[in-house]
Amino acid sequence: MDNCKNMKRVSKKETIKNGIKWMSEECFLAFTKYAEKINNLEGIKHRFGELCYQCLSVEAHDKNFHHYNFTIETEHRSTNVLTSQLYFAEVKQLSGVKSYFCCLLDQDDEGHCYGCKNQEMYGLKHPSTGCYEVGAADICWPFIDDTDSGSDGDDDCGGLGC
Ligand SMILES: [Zn+2]
């Protein structure tokens, strides 16, 4: 019984690890495209820091967008100074075509997004400047099936007395 439990836990962990790996790669790709456009990258080394938040919104069978918050560590070779900064990225898929958006986040950034809010992903920050998909307020999420309402009052059995 216990073995079974452990195996299940490991495989779930493994799945999460794999998920983080490909999502991190997506983020770094979005960042690279962004950095190439605005920076002279000579003498600067970038490394992926960590994935902080991610939220996938599906609007239609051929349209979805994935929002990410993650950090990038930047090393300036001339000064040897290592800095870590928080970024926002969006990976959008429209009819099978992927597009990437990425920008640096500021502490004051409070961009609005229905997609993330509808899924209660309040910690994920969006840039105030916009330029990303925000979803729709009245969208119906086919994959969120609220079946919890029927189990009201049955939770008492979790106590020691049972
Ligand atoms: Zn969002």
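User: What makes the 13 residues a nonpolar core, and which of them touch the most other members?

Analyst: The term covers buried Ala, Val, Leu, Ile, Met, Phe, Trp, Tyr and Cys residues joined through C-beta atoms within 7 Å. Buried means that 20 or more other C-beta atoms lie within 10 Å of a residue's own (12 or fewer is exposed, in between is partly exposed), with C-beta atoms placed from the backbone. In the largest such core, Cys27, Ala30, Phe31, Tyr87, Ala89 and Cys102 touch the most other members. At least two core residues come from each of helix H1 (2-38), E2, strand E3 (81-94) and E4. Helices (H or I, at least four residues) and strands (E, at least two) are DSSP runs, numbered from the N terminus. This is a predicted model, where local features need pLDDT of at least 70 and side-chain atom pairs pLDDT 80 or more, while totals for chains, interfaces and linings use all residues. Residue numbers start from 1 along each chain as its sequence is written.

User: How do you know that E1 and strand E2 pair?

Analyst: Pairing requires at least two bridges found by DSSP. E1 and E2 (residues 63-76) have 13 and run antiparallel, so they count as paired. Phe48 stands opposite Ile72 in E2, and His46 has Thr74 as its bridge partner there. A hairpin of two residues joins E1 to E2.

User: Why are strands E1 and E4 said to stand at the edges?

Analyst: The open sheet has the order E1-E2-E3-E4, with antiparallel pairing. Strand E1 (44-60) and strand E4 (97-104) each have a single partner strand, so one side of each lacks a neighbour in the sheet.
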